[in-house]
Amino acid sequence: MNNGTLVRLVDVHKVYHTGEMEVPAVRGVSLEIKRGEFVALMGASGSGKSTLMNILGCLDRPSSGQYFLDDADVSGLSRDQLAEIRNRKLGFVFQSFNLLARTSARENAELPLIYSSQHLSNTQLREKADRVLASVGLAGREDHFPSQLSGGQQQRVAIARALINEPEMLLADEPTGNLDSRTSVEIMAIFQQLNERGITIIMVTHEQDIAAYANRNVIMRDGLIRDDHLVTRRSDAKAHVQNGRDAEPI
Amino acid sequence: MRIAPTLNVAYRALRRNKMRSVLTALGIIIGVGAVIAMVGIGNGAKAQVEAQIASLGENVILIFSGSTTSSGIRTGWGGAGTLKIEDAEAIRREVPGVIGVSEEVVSTTQVAAGNQNWFTRIYGESADYFDIRQWPLADGAPFTAQDVRSANKVCVIGRTTATQVYGNENPIGQILRIKNVPFTILGVLTPKGLSPQGVDQDDIVVMPYTSAMKRVIGGTTLRNINVQIGDARQIEAAQQQIISLLRQRHNIRPGRDDDFTVRTQQEIAEAATATSRVMTVLLGAIAGVSLLVGGIGIMNIMLVSVTERTREIGVRMAVGARGNDILTQFLIEAVALSSVGGVIGIICGIAASRVLSIYANWPTLISISSIVIAFLFSAAVGVFFGFYPARKAAALDPIEALRYE
């Protein structure tokens, strides 16, 4: 494990073909992300941030250009090889949580392990899922179904699911988009805590105050990176949570 | 890919839509049940026919007198009267492997005893007849070779004749008048039931063929000769020898048709079972159509399920499921539906054929092989009809799937 570059994009293009038309979504992006960074990817809708996120998440392949993840070129891998990379190295958190309905929190968290090449016994699966759920503050709710959990709790289950395979990188697509501001801060607290433990995070958001919890902001427009700066006055979610609690009785 | 969780996922997915799963499986249950019951009925009919053919006796060759043309009018088989008593004796003497010969003449006539009378069939036979047809007596004794030589006025009668003429009385030792000739009844045959042609085989009087020819029927020729061969492997050779022997005895020049017909029991059995075999295939095919419809039902539901669970498929793919994992998962669901349906269908089919044989009195026969085939077939239906939806699921683009509303 080196402490250097985790993600390196070299002149990445993505063109969608809709009938006769060619729609360029990403038009030449080069980007480096180091291990341990917490990047907020911002931009208006149509700016190409979602497409870039899909490429970073190995859900999609660039039309041209190269993507090095952990020094390995993944831009030309097959569907199945990409699936394995996603399973081993990446964790996903979605805006709409995307938990399996009528499936307990524990079984939702276990999901990536089912497709993992390492074979764990049922007991090991269970222990691992329970441990990760506890680490996001869901101890005691392992057997709850998503419908029995609040939005914030559901997103925590999704985070547990993303973490269970100990990924290199967490990809979050508007993780707070469906949450109220207080719960959003709580989720950001978890993200910052994970980031402190060394997990690289890339988060798509269009909210300035949410982006302020990251340590680097990348802003896209029209398929290109327009701005890329470090966050100078970073928000501390933990402190905000504390403040919120203190303020509550008033 | 781990099998246990996949099975678990399939189980949960099927349980989530209980009603739908049950209805889908019902298609297969009805299909497999119908196949099992129909094939059971067909096989039962076939087995019954075979049993009746076997009741003709074992390793039997039947020689019928041929047809003849007289003034352009052709008589049927047995009409020509070409078989002589001497022919039978020659067969007994010259064909190797023969263990029994019975000269047969047949007539129908009125019989009477006391104030009762009855119209029945008269069979003139040799003493070998009861062995050839494996037809023991229920009561009394058969007539002997001596009775045949002396053309004694003795006979044995079938159960139906006995009941019709004597009611509950014991007929043995009684006198039965046939064309006003008094015959002494020596015994009563064990009941044989209906022949493959539906004739009551127990409505019969059997007497020495000599007595029949001399005292009842008249004439000097035989309708047919029943020959029994000791070893099944010799039947074909014996059949050929009988043909050449009779051609020689009847002075038939080469190139001319035989004036007799030789049939082995095998040939008769094949002809008789052909019908029931056709029936089995036909019934099975009709039932198979319902199985096909059941399979289409599975395909339909699986397609619905794939559409409904598009997001789930996207999530699974995002966390590392490969196309094959998704394919396997949906295939397992389809096969689970069809094979569970298959097992229940087999049970229902067996139950249905039991009910049919008890209440409708139809003979049914369910073989292990038909159960195994039905099960494998139902599983195959799951694979076949589940494959297309499963492949459709596996081919989904994870991004599209995640975005699906």
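**Figure 1. How α3 and α8 of chain B pack in this predicted model.** Here's a close-up of two helices from chain B: α3, covering residues 85-94, and α8, covering residues 235-249. Their axes sit 11 Å apart, and the packing angle is about 135 degrees. As for handedness, α3(B) goes past α8(B) in a right-handed crossing.

**Figure 2. The residues where α3(B) and α8(B) meet.** Zoom in on the α3(B) side and you'll find B:Asp87, B:Ala90, B:Ile91 and B:Glu94. Facing them from α8(B) are B:Ile242, B:Leu245, B:Leu246 and B:Arg249. Sorted by class, this contact of α3(B) with α8(B) is made of five nonpolar and three charged residues, with no polar ones.

**Figure 3. Where chain A touches chain B.** In this view, 21 residues of chain A are in contact with 19 residues of chain B. Which elements give two or more residues to the chain A side? They're α2 (79-89) and α3 (105-114) of chain A. By class, the chain A side splits into nine nonpolar, seven charged and five polar residues.

**Figure 4. Confidence scores to keep in mind for the views above.** Chain B has a mean pLDDT of 87, with 96% of its residues reaching 70 or more. For the model, ipTM comes out at 0.92 and pTM at 0.74.

Key: Residues are numbered from 1 along each chain as its sequence is written. Chains are lettered from A and ligands numbered from 1 in the order in which they are written. This is a predicted model: local features need pLDDT of at least 70, side-chain atom pairs count only at pLDDT 80 or more; totals for chains, interfaces and linings use all residues. Axes are lines fitted to C-alpha atoms, for helices over the stretch in contact, and angles run from 0 to 180 degrees between N-to-C directions. Helices (H or I, at least four residues) and strands (E, at least two) are DSSP runs, numbered from the N terminus. A crossing is left-handed if the near helix is turned anticlockwise from the far one by less than a right angle, and right-handed if clockwise. Two residues are in contact if their C-beta atoms, placed from the backbone, lie within 7 Å. Ala, Val, Leu, Ile, Met, Phe, Trp, Tyr, Cys and Pro count as nonpolar, Asp, Glu, Lys and Arg as charged, and the others, Gly among them, as polar. pLDDT is the predictor's confidence in each residue, from 0 to 100.
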